[in-house]
Amino acid sequence: MAQFFPHSANAYARTSMVLVGVLLAGLGLMGDRLQRSPYVTNQGIRPEQPVPFSHQHHVSGLGIDCRYCHTSVETSSFAGIPPTKTCMNCHSQIWTNAPILEPVRASYRNDKSLVWTRVHDLPDYVYFSHEIHVNKGVGCKTCHGPIDEMPLTYQHASLQMEWCLECHRDTASVLRPREQVFNMRYQEPAPGTPVVFEGQKYTKQMDLGHAIQKAYGIRKAFELQSCETCHR
Amino acid sequence: MAQDSENDLVRIQTTKKDLGLTAEHAREKLSGARGPQYWRSLQELTEDPEFDAMMEREFPRHASEWTDPVSRRGFLKLMSASMALAGLSACTKQPFEPIVPYVQQPEELIPGKPIYFATARPTPNGAYPLLVRSHEFRPVKIEGNPDHPASKSIPQGSYPAELRWGVTDAQSQASVLDLYNPERSQNVTFRGDTRTWGTFVGAIRDAFGAERGRGGAGLRILTDTVTSPTLAAQIKSVLQANPQAKWYQWDAMNRDNARTGAKLAFGQYVDAQYRLAEADVVVSLDADFLSGSHFPGFLAMSRDFISKRKLDLAGGEGEAAKMNRLYVIESQASTTGGKADDRLPMRACDVEQFAGALANALGVGGSNGTVKDDHAKTFLNALVKDLQATRGRSVIIPGEQQSPTVHALAAAMNSTLGNAGKTVLYTEPVEIVPTEQAAGLKELVADMNAGKVTLLVMIGVNPVFDAPSDLKFADAFEKVALRAHVGIYHDETSRLSHWHVPMTHYLESWSDTRAYDGTVSIVQPLIEPLYNGRSAHEVVAVFSENPGVTAYDAVQSYWKAQNKGATFEPFWNRALHDGFMPNTASPARPASARPAASALAPVNDELEIVFRPDPTIHDGRYINNGWLQELSKPITKLTWDNAAIMSFNTAKQLGVKDEDVVTLELNGAKVDAPVLVVPGHPDKTITAHYGYGRTTVGSVGTGTGFNAFLLRTAERSNYAAGVKVTAKSGERWRLALTQHHHLIETKKWKEDVVGSSQVGNEAASRDLVRSATFEEWRRTPGFANEGEHQAPSRDLTLYGEDGYKSWVDDPAKNAAHQWGMAIDMNSCIGCNACVVACQSENNIPVVGKEQVLAGREMLWLRIDTYFTTPNTNDVSNPRAFFQPIPCMQCENAPCEPVCPVGATVHSPEGLNNMVYNRCVGTRYCSNNCPYKVRRFNFLLFADFDTESYKSRNNPDVTVRSRGVMEKCTYCVQRITSARIHAEKETRKVRDGEIVTACQQTCPTDAITFGDITDKNSRVTRMKSNERNYTLLAELNTRPRTSYVAEIRNPNPEIAVTPEDHGHTS
Amino acid sequence: MKPVGIHGVMAEFNTADELVAAGRRAYAEGYRRMDAYSPFPIEALDEAIGIPHTILPWIVFAGGILGGAAGYGLEYWTQVIAYPLVIGGKPLHSWPNFIPIWFETTVLGASIAAVVGMLALNGLPQPYHPVFNIQNFVDHGQNDRFYLLIEAKDPKFKSAEAQSFMTSLNAAGVWEVPN
Amino acid sequence: MATLPDNRPVDLTRPGYSTPVIAPGYNLEQVTAKIANVILTTKIKLGWFGVFIIAFGIMNLLLGAVGYLFVKGTGIWGINIPVGWGFAIVNFVWWIGIGHAGTLISAILLLLKQSWRTSINRFAEAMTLFAVACAGLFPLIHTGRPWLAAYWLFPYPNTMKVWPQFRSPLIWDVFAVSTYAIVSLLFWYTGLIPDVAALRDRAKNPIAKLFYGILSMGWRGSARHWHRYETAYLLLAGLSTPLVLSVHTVVSWDFAVSVVPGWHATIFPPYFVAGAIYSGFAMVLTLAIPIREAFNMKDFITDRHLNNMAKVMLGTGMIVAYGYATEAFFGWYSANKFEFFMIQNRMFGPYGPMYWFLILCNIAIPQSLWFKKVRSNVPVLFLISLVVNVGMWLERFVIVITSLHRDFLPSSWGMYHPTKWDWMTFFGTMGLFMTLFFLFIRVLPMIAIFEMRTLLPQAKVKH
């Protein structure tokens, strides 16, 4: 038999060429998806906690201000995790023997810290400061999402650099008046629901944003995306 | 400084509660899961009830962990490791980290914000007043106390009021590292076996009880120089109760000569305090008062001395300008000599003769002295003329290591010249009970040999190592029935003692102390003893009626006694807050020196050896401190070793060269030492720094240097003639120099001896160091910017308008600030304080001798030293120039365009950013950096394993892992925190709000940092100075760091060929 | 599925000259759909059997333009638009530094176009081809003999005629090539 | 006295007889057989096996050294501050240089219609590929964090939204070298297609048939194919020529773009390219001479080839010499302190001896090539080729190290001492190179069969 390759070999040869191309493209796409997946970012994941603390209940339900627990959010890079004492301020009065609160009481009784699991955990070469964001009109919700509706706390944003850059390159799109920062029911300005800032009524976020930029002296995009802003 | 505004809020008194927290937190670190475990003390293992009780008491309070460098470094480590395996950082999953809040948060703590505590570092010749930065109750960074007279920065009226910060010295900066050293002794031992404090007290009380009957005849207490009023009072009361007991003080670098000299001159012990701000002519008789804390009052003296050389400040530029003049007659090559306007090197023993001759010429009765060679004669005559012309405005400073006669003569001359009371004050000594320590130690040894001593308690001393060799201390020591040693480390003495008690670090326990001028500070602890240490107060209390008394009670009750009544509380709190008690400086004594008619010691022609404390590790007490070990010593640039330092000629005569091993032999005693040839060292003499060559030390100090104490006798403790030097053929001792000033070959290579002058020439021809004499500067104020080494015009760019200019010159595209730095060469005295400050602030790792030898030291800031020879190629007496080199933050940074991944880029504020987490380590940037200020982590230099050291790290700075380039960033973390502070108030950063670590610690304020677009900022004023120039300007790198050319003020009558403009030789 | 019918008629020659001559004859005869096979390139064949000039050069040109544009575009977009950073005081669009990569990508684009284009135009890969049914061709086709093939697709093709015509060219052998 | 395949004696040294690029008396079949049989023979030569094992052993040095490097970090090498680049970059430049001959021979000589290229271009190209492979290793492993450099150096969309910094010559390198590797591979493969087709039809063993069958893509020597094939090949040659020049130009920019005295010189690109060709031809000789002995290819790789290559070496060597002269001249004429000191230090500094040794290797000794006697003396030629290889490596060493170790600030001057790991890595790459090369000559035709055919009289078509 003179022919070494069967007739079908031609088809195989050509399709295999196409397949290789498709495969490479597929791998690339997969990698791109993977690096943004919750598996890598922990986005939306609710880690195990010693006590199933519900922001929904405490914030929406009871209307407790963020700063009641996160005391240093306005004064320090770190927002502050409430010491057991803070919990006991109320829970020595109410739910005094709710079983789920036993760890808290135990902690207070034995003077032994609760060990929570970090929900928002930036890489350690990233230096984030709550202080400046909160003071420049970046609302809690802007990064933490609908924290007031979370029965169990999870990470709202990807916390990846590209996500940080989104705002740093376009601050106007997220800024709100300082006094609105901790307001969980704050609505972005819209024709129906204007936002008043320094006596002015604003119906477009961009207009409001630019006004705030001017008023608060927000640095320009090319400054805020400079490396030393977050890395040292 | 930025934090200042907050200081008053946060600089508060430490409460016991905090201490509990801090201790617990530290222990958390120590018993951390990662890395090797460091138990707090063996007691943990030997389940001691007392310990359990203590744990019960303190376990509860967990400290929080957020800004904790441990996790940061842990992560970096994890990252490098896992990425090495995974290979894809984007896909490396970050592990869940715990977050541990307090149970009850101390109210003064704002998590994530540092707190400042005022305290002081006691040293034998006066305390160094400090302001210590503490993160979550972990002392991290040492700063000087801005308010204390001894440590405040140059008090020029022309500075803005809020610009106050405290200055410090290298040893103080480094002392925080000792606190965390895991190799500190951690438990009470008896003959090496672990015991408890309780058993120790019991045993000592028993032995002491036996002595009680005979008035404590067998009890001897040996301490280092005591500057603590409380401790002195405690000991005195013990001695009162036991009249037969004796107390001795011993420091290897003691001030016996000064004391004896004072006796000769005044009939009483006094401290001379020099007011150099008043002196126009300063004469140093072998006094090395510019090179570090081993000279009493170093901070104030250098500050005052330099304040007379800041030409823009001392009477302004131009005609009005005035400048003091420094004559240095010295027996070694020191920074003081390097800064001298006129310098005369000679052997230590000749200094006495010279002093005699000088006194004679100044008409001090009964003195004589012969000066042989002609240059010395011209020098002397010119000096005399100068002194006579400046009566009352001159000062003569005798060296600590010079003979009592010299001290006496100096005192006599000062009063003859009418300087006493003006440029020099005589006050009561800084130590509470001044003694002549060598004599005391002799007496003690005699008693021990005579068997009179049954109980010897040694606190903070190591006599077995550093006592004069002829006293044979160790032998006598053996004869004492019960020997107890109290010290921070296990050392030679503790090894031969029955009992050893770990002592507290000064940051760990309460005490009080006096600065060199007598001002009293409360030593306030920032953290509870990490290693179960006990303070001297507690130990001495053992011999009192109430052994249980704590240091806190002892100190407080002492001061209660001092000021009775209701005023105590405010007084106490004020003292703690300010860090010192106002108006407690020792008053000047109206003392006039009598002409000292003492015969001068005869001078022979033998080879002489000079003993000096080591510039970095002092008398050996800091030998376990990696920062100080790796700190290149001024002038010699030597690290990790000491050496037999000699001149080129002496080396030639002895037929030896660098790194040869020689045997030094002095009346019987022998020791092997490496040779190091240093330009400017006098001939026929060898300088040996003591403190090295210890046998019982931690891993850092092991195997470093040779023990010069072996040659040092009680009689000749500072210099001795007749040392025999024999070269050991074939043997070499590698010396890790950070600047190879001997190996420079230019014209003719293989010419190692003339080498160092060649450096001078090379540096000169490259115009790196620019200086002129006072006269020349008067004639041509712009000398520094003449010659061909100028920056090309800014318009010379390929890109025209959209080029470089658009980014920095166009305000529209610009940030609110443009940072810049100016370094005043006139002010830099090369004392190294800034280098350690930088290391401490920026978590710079220590790499060890081998890596330094390989050329891989990591220090971001270095002090380049160039020698120049006014009289051509005479390397025996060169001038030294000290040039601190941080990153130049070039506007056209050559490092940036060559980085393939953009890990080093420019910030809108003109910083040359280094993004560690982006760096892949091609090292191209370093190759292309003309200033070679970049440092590379060739191996995993950062310490990821020692738990305790992690607590020391500055949490605001990333700890760099292996394979990453790093460099000076103008302390970008400080810039950022100040900027945030300002932005919160929607304003620009004020001038002086940002102070870099090096600038803050500089005793002479040589470094100025600020916004160069602000016309009124100090840095702008410095840069507008005519002497301002930039390094290698012709490369058009446009550095943001510039230098102010140095002016020397030599006496024209002393023949020195004038320096030509802008050139160093 | 097994291929059916015939592919054409093939003749074997011993020298290149004979092949070229035969090719000319066949072309003169009016045959158009034919091909010649030789162990090395023979330029004379092109005009002999009327091979049109290939469009490959234009494909390569396009590839080069594409590669270059992509390269410079990437540089400009990343450095000026996507993440503008000041580098060593140079402008964002520092074009001199962008030239080397622009050049390299141009060459890369062109080269890939050349090879891929060549293979594509040649219809390769094609492991199976009717001519391999002729054992002689397999044994000598890539070595030392020369072949002329008249394809069945040729309008003028009649197997018998073609075979007799071939033999008239005193070929060393003539075969009918099954598909 | 050579003999023809049909055993007729022929005197090649007869006066007036110019050695042909292929010995007379061969026919198509014999050419194919002679080259193909080297591969298709079933029995493995013991000699080949021996050298292969040795090469493989040396290659494992590389694996060991690199493994340890990844564990410990670049600190195991002698590099430091100021000498941030050591052996790694020296070897990189050296290998890249060697990698220039192949493409040059196949491309430029093709355009210049140099028929003698045909018998050496194939393995010269192979050599190029393997040299580039060795070279490509270094830019990666010399970084501090190779596991990041491996992909951060390439532009790909990422979650950090950051990109490579395209002003850096190192990035130019990445593109230049990878482009060069790809194009050389394509060029080489294109040339191989007709030959593997021949092997396919010649092979008996079905596995070999399959292997060559797949590689040949069903090539059948159709005139239409040949037409496009020739066009493509010519175009590739045209593209490769500027490319091959660009690659070493870019490599030279790694240095010339910097500010370091001794690096920052406009002469670098031409002088580097010349040096590359120089070392490339030296390496071709180093390989060709033993091979034609071992496989008895004297009739295909004739003395004429060696002679011509020697001439090319002489020529490029002179350009390189001119480069050295210019550097020295710059140093003096620029009246620039740094430049002047640099050249002084290069000549009389601690590394001075290496400078003079490289002058000896690259300039002095090769001058002997002026003489036909030397050119036609094969053993001597072989030695000279080795000497030049050494010399060119030294040149790179001198350029990299002596420029860095004493640049601007005397305070920061230092020395560089290679460690055993440096040496292991260097020799290791030679092992890698040889291993690949021996595998190549075993599985693929080391000489372009179909091109050899065109050299035969039978291939000349009259009218």
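Which residue forms a salt bridge with D:Asp407?

**View 1. A salt bridge between chain B and chain D.** In this predicted model, B:Lys932 pairs with D:Asp407, and their closest N and O atoms are 2.8 Å apart. A salt bridge here is a side-chain nitrogen of Lys or Arg within 4 Å of a carboxyl oxygen of Asp or Glu. The rule finds one across this interface.

**View 2. The interface of chain B and chain D.** Here 66 residues from chain B meet 60 residues from chain D in contact (heavy atoms within 4.5 Å). Together the two chains bury about 5100 Å², 58% of it on carbon and sulfur atoms; buried area is the accessible area (1.4 Å probe) lost on being put together, summed over both parts. On the side of chain B, look for B:Arg766, B:Tyr924 and B:Arg962, which lose the most area to chain D, together 14% of what that side buries.

**View 3. An open sheet of seven strands in chain B.** Follow the order β6-β5-β17-β16-β15-β7-β8, with mixed pairing. Strands are DSSP runs of E, at least two residues, and helices are runs of H or I, at least four, numbered from the N terminus; two strands pair if DSSP finds at least two bridges between them. At the edges lie β6 (193-194) and β8 (246-249) of chain B, each pairing on one side only.

**Notes.** Residues are numbered from 1 along each chain as its sequence is written, while chains are lettered from A and ligands numbered from 1 in written order. Local features need pLDDT of at least 70 and side-chain atom pairs pLDDT 80 or more, whereas totals for chains, interfaces and linings use all residues; side-chain values use heavy atoms, leaving out hydrogens and water.
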